[in-house]
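Here is a short report for a reader meeting this structure for the first time. Please look through the structure, then read on.

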Amino acid sequence: MKKFLKYIPIAALSLVACEPEFDNAVEDGFYSSGEANFSNYVSIGNSLTAGFADSALYITGQENSYPNIMAQQFELVGGGEFTQPLMNDNLGGLLLGGTQITQNRFVLAVGADGNPSPSVLSGTPTTEVTATLSGPFNNIGVPGAKSYHLVAPGYGNAAGVATGQANPYYARFASSADATVIGEAVTQDPSFFSLWIGNNDILGYATSGGSGVDQTGNFDPSTYGSSDITDPNVFASVYSQMVDLMVGTGADGVLVNLPDVTSVPFFTTVPTQSIPLDADTAAALNANFAAYNTQVLGGLLQAGVITQEEFAARQINFTEGVNFPIMVDDDLTNIAAIISGPPFNLPAPTAGLLAQLRQVNSTDLMTLTSSSVLGTPVAGVPNAVNGVSFPLADQFVLTVTEQARVSAAQASYNATIQALAQANGLAFVDARAALQAVAAGGVAFDGGVLSSTFATGGAFSLDGVHPTPRGYAFTANAIIDAINEQYGATVPKVNIGNYATITASND
Amino acid sequence: MIMKKVMSLLVVMLVTAVTYAGGYRVSLQGQRSLAMGHSGVAVVHNAESAFFNPAGLVHLENKLNIAVGGFGVFSDVLYQNSETGARAQTNSPTGTPVYLYASYGISEKLAVGLAVYTPYGSTVEYPTDWAGSHLVNNIELSAIYIQPMVSYAINEKLSVGGGPILAIGSVNFNRNLSRTATDLEGNRSNVTIDASGVTAFGYSLAAMYKANEKWSFGVNYRAKIDIEAEEGDATFANVANTPLAPVQNGTVKFDAAIPLPAELTIGTSYQMNEKWLFAFDYVWAGWDAYENLNVDFAPESYPDSVNPRNYKNASSYRFGAQYTANEKFTLRAGYYFDESPVQDGFFAPETPRNDSNGFTGGITFNVSDKLSIDASFLYLKFKEIDASYDDYQENGQNVPFEGTYKSSAFAPGIGLSYKL
């Protein structure tokens with residue numbers, strides 16, 4: 001006993017080193033990478049991959065990009081460092097040769113009337129496009145990129161930015177003037193990759209209210225405009241080319257399909273019925289359009305210029321209550337020339353107004369940008385009110401015809417993506433289904449429900465198209481699910497409640 | 001209408017409960033008693049009795065007795081959540097509880113004493129912005145007790161003692177305002193609460209009964225003291241510049257109260273022979289006084305914060321042995337089991353305290369007849385525990401903070417005993 005007690009001080013010293021340890025520490029083989037290897041993860045894509053939000057790319061958005069969120073989880077299963085071409089500030093605007101070429105981020109500001117609304121954050125941005133970063137970077141997400149841009153040499157040539165031949169975001173970190181985005185990924189010899197591309201191949205058309213061209217049938221993307229729909233065969237060709245290149249490096253990976261445009265608040269926030277009228281005003285408006293409804297349209301129907309269907313679709317009718325606005329639909333027959341001549345002999349301004357006029361109906365989608373135009377006075381036209389006595393421009397409405405073009409291309413792209421995932425044994429993420437769930441009632445999490453409702457739903461940033469950090473975290477979880485399933489891995493998902501939503505600021 | 005919803009969302013987003021100190025009892029009030037499992041209500045070692053049982057002071061043989069010492073507390077808390085992979089380890093600064101006890105025998109029947117000690121305190125520092133940063137980033141809570149006392153022998157067997165306590169409390173606590181609120185640069189919005197020099201009064205009463213040469217019994221009761229901070233400073237930082245935020249950057253005043261619970265100890269000691277002494281204490285702590293932590297910020301527009309703690313009363317069981325090896329050396333060892341006052345669903349990371357086992361040991365070296373050097377250590381081991389704090393709220397609904405915790409503390413100490 002005596003001897004035992006003498007050892008007490010020695011025992012005490014040995015306990016100093018006795019730090020607590022978990023029986024099963026999460027850092028120590030708790031999770032499995034399955035058959036995948038996350039040591040060198042490279043993400044390829046567009047603005048969504050870059051972490052773009054609130055109409056801008058800025059540091060905190062990039063830190064919450066879905067690839068960066070995933071990379072932090074990959075650290076638990078052998079993932080390595082994940083680098084991103086970070087912007088220079090949290091304002092988000094880009095400078096080209098010192099001149100600002102993209103706007104700063106949106107924040108939620110409270111106006112003089114006490115109402116909060118999205119407003120561009122003030123301040124002079126400091127991210128200069130020509131101040132090239134030295135890579136390589138694991139996150140190769142290029143805001144604005146369409147599928148075919150990723151294989152186009154020169155897309156990162158700073159000299160081409162001013163003329164629109166190159167992308168300013170890619171120019172910041174392109175390894176050379178004639179490099180390709182996909183090449184940046186291949187040369188890093190990744191062990192794992194994610195590819196989410198194609199959104200802009202339809203989204204540019206959709207957000208412009210279908211003012212671009214559906215290029216289906218045109219196989220030459222060099223002739224496309226920024227608001228056009230990419231031909232599905234062009235998409236399939238460049239997409240499979242990219243998958244072949246990536247799989248050729250020996251990397252495992254994950255492909256992500258394209259969500260519906262109707263999943264984003266940009267198209268679901270502004271209601272189709274938005275014009276409140278009293279009985280007298282409605283009657284007065286109807287009197288104004290009576291000649292158009294009966295004589296003009298009736299005459300054209302009789303003459304066989306328009307169908308019975310178009311005749312019905314073009315009828316203008318206001319009632320007491322909240323009304324559909326009037327609009328220009330470029331898929332209608334342009335009757336301007338006909339009605340300027342006999343027997344109508346309408347003056348040119350009136351003929352122009354009626355050229356492709358109809359009233360919005362419940363199948364149309366109003367763009368978020370229409371909210372700042374609807375019911376406002378028309379510049380340069382006395383007493384004219386947008387949507388009431390003066391038609392909304394085509395760019396503010398995605399008509400059902402235009403929606404069908406978007407859906408057709410999207411369905412084809414998605415079929416390509418899924419088939420290539422299957423053919424190459426890659427993980428496949430049905431982002432379309434995931435975002436449908438968010439849009440339809442929302443997805444519950446520990447602090448509430450994540451939904452697509454503009455500003456308050458938590459999933460989408462103030463541009464109405466790009467996710468919030470919480471929306472990106474939700475996306476990261478969906479991708480992790482698909483990876484775990486395909487590769488037998490157990491990468492843990494994040495708690496989306498820990499990720500922020502929109503930012504309020506009066507700066 | 002949309003924007004009204006936005007406003008209410010943001011307000012809710014930013015209005016979250018302010019939490020700070022859980023009462024944290026630090027049982028390190030004397031080298032000799034700690035070495036014996038922090039028992040000693042029925043033992044008379046030296047001036048340490050001023051804390052463990054004031055009634056014992058009158059039994060000290062010398063006229064003047066002084067004990068002074070301190071400890072270094074090295075504590076670690078590990079946190080992880082196996083669902084998300086979130087993990088954290090505290091990097092707490094070394095705590096340094098100290099004590100000073102003195103007694104003076106006026107007659108064989110009467111002694112007076114003075115005790116200065118730090119029975120409550122907590123120093124926990126998590127990595128800033130860790131997964132539970134909406135509950136706590138770091139906390140430093142301490143209370144100093146200053147207590148004059150008398151010790152009176154009613155007869156040869158029975159003595160009583162006690163005296164008033166002046167408690168001086170201070171707290172510094174930082175946490176993030178919510179799980180997500182930041183400024184435009186992504187810096188997390190947070191609040192620091194700071195109050196010091198908060199005073200309050202209490203008392204302790206004790207009795208000791210020496211049944212015979214071998215058996216002694218003791219009882220000691222230390223009353224609850226409520227530390228009520230008034231006009232403390234609450235500093236908000238990294239709050240976005242928006243009227244939608246319910247608080248603004250800058251410092252405002254706050255009021256808050258925290259109880260330092262009552263403690264009742266009963267125990268016995270057995271002097272087996274000249275060499276061996278054994279002690280057992282049972283300690284009851286009235287933690288149910290800690291129901292809520294309410295922080296009232298001075299500006300009317302700032303949301304006050306109500307944080308349920310719902311502690312329950314808790315017991316600990318303390319065992320110690322002492323072996324007097326020779327004139328120069330005395331060796332001690334002990335063990336205690338400490339029941340946690342924290343109930344299921346109320347495990348807040350600022351007080352990551354579940355049931356624990358304490359292992360203690362120590363030695364006294366008599367330098368001379370007057371002066372001794374006392375050294376001791378405590379190794380406090382907590383079981384790994386899956387726990388949650390359920391009463392943090394967002395959007396009016398509880399958002400539990402869950403995970404697995406494992407903690408330990410090591411506290412070596414050194415002190416001097418002087419008698420004249």
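## The main core

This is a predicted model. Its largest nonpolar core holds 149 residues. Six of them touch the most other members: Ile44(A), Val181(A), Val254(A), Ala476(A), Ile479(A) and Ile483(A). Helix 17 of chain A, residues 469–487, supplies the largest share of this core, with 10 residues. Both domain 1 and domain 2 of chain A contribute at least three residues each.

What does Ile483(A) contact beyond its neighbours within four places in sequence? The partners are Ala36(A), Val254(A), Ala427(A), Ala489(A) and Val491(A). Another core lies apart from the largest one and has 92 residues. Among them are Tyr117(B), Ala285(B), Val295(B) and Phe377(B). In soluble globular proteins, nonpolar side chains tend to be buried together.

## Chain A as a whole

Chain A has 507 residues, and 51% of them count as buried. The secondary structure of chain A comprises 17 helices and 18 strands. The C-alpha trace of chain A spans about 120 × 50 × 45 Å along its principal axes.

## A parallel sheet

Chain A has an open sheet of five strands in the order 7-1-8-9-16, with parallel pairing. Strand 7 (139–141) and strand 16 (427–429) of chain A stand at the edges. Each has a single partner strand, so one side of each is left without a neighbour in the sheet. From one strand to the next, the twist averages 15 degrees.

Strand 1 of chain A, residues 41–45, pairs with strand 7 of chain A over three parallel bridges. Ile44(A) has Ile140(A) in strand 7 of chain A as its bridge partner. Ile44(A) is also one of the residues that touch the most other members of the largest core. Helix 5 of chain A, residues 66–74, packs on the sheet. This helix touches strand 1, strand 7 and strand 8 (192–196) of chain A. The direction of helix 5 makes about 165 degrees with that of strand 1 of chain A.

## A mixed sheet

Another open sheet in chain A has three strands in the order 3-2-6, and its pairing is mixed. Why is one side of strand 3 and of strand 6 of chain A left without a neighbour in the sheet? Strand 3 (99–100) and strand 6 (127–128) of chain A stand at the edges, so each has a single partner strand.

Strand 2 of chain A, residues 94–96, pairs with strand 3 of chain A in the antiparallel sense over two bridges. One bridge partner pair is Leu96(A) with Thr99(A) of strand 3 of chain A.

## Where the chains meet

The contact between the chains takes 48 residues from chain A and 45 residues from chain B. Several elements of chain B give two or more residues, including strand 2 (74–81), strand 17 (329–338) and strand 23 (401–419). Helix 1 (2–14) of chain B is also one of these elements. Helix 1 of chain B gives the most, with seven residues. The chain B side divides into 21 nonpolar, 15 polar and nine charged residues.

## Backbone exceptions

Most residues other than glycine have a negative phi, and most peptide bonds are trans. A cis bond joins Gly135(A) and Pro136(A), with omega about 0 degrees. Pro136(A) sits in the loop between strand 6 and strand 7 of chain A. The bond from Pro342(A) to Pro343(A) is cis too, with omega near 5 degrees. Pro343(A) lies between helix 13 (336–340) and helix 14 (348–354) of chain A, in a loop.

In chain B, Asn238(B) has a positive phi of about 60 degrees. Asn238(B) lies in the loop between strand 10 (225–237) and strand 11 (250–260) of chain B. Asn238(B) has 18 C-beta neighbours inside 10 Å, so it counts as partly exposed. Asn395(B) has a positive phi of about 50 degrees. Asn395(B) is in the loop between strand 21 (393–394) and strand 22 (397–398) of chain B. Asn395(B) has 13 C-beta neighbours inside 10 Å, so it counts as partly exposed.

Technical notes:
Residues are numbered from 1 along each chain as its sequence is written. Chains are lettered from A and ligands numbered from 1 in the order in which they are written. This is a predicted model: local features need pLDDT of at least 70, side-chain atom pairs count only at pLDDT 80 or more; totals for chains, interfaces and linings use all residues. Two residues are in contact if their C-beta atoms, placed from the backbone, lie within 7 Å. Helices (H or I, at least four residues) and strands (E, at least two) are DSSP runs, numbered from the N terminus. Ala, Val, Leu, Ile, Met, Phe, Trp, Tyr, Cys and Pro count as nonpolar, Asp, Glu, Lys and Arg as charged, and the others, Gly among them, as polar. A nonpolar core is a set of buried Ala, Val, Leu, Ile, Met, Phe, Trp, Tyr and Cys residues joined through C-beta atoms within 7 Å. A residue is buried if 20 or more other C-beta atoms lie within 10 Å of its own, exposed if 12 or fewer, and partly exposed in between; C-beta atoms are placed from the backbone. Domain bounds come from an automatic or database domain assignment. Two strands pair if DSSP finds at least two bridges between them. Axes are lines fitted to C-alpha atoms, for helices over the stretch in contact, and angles run from 0 to 180 degrees between N-to-C directions.
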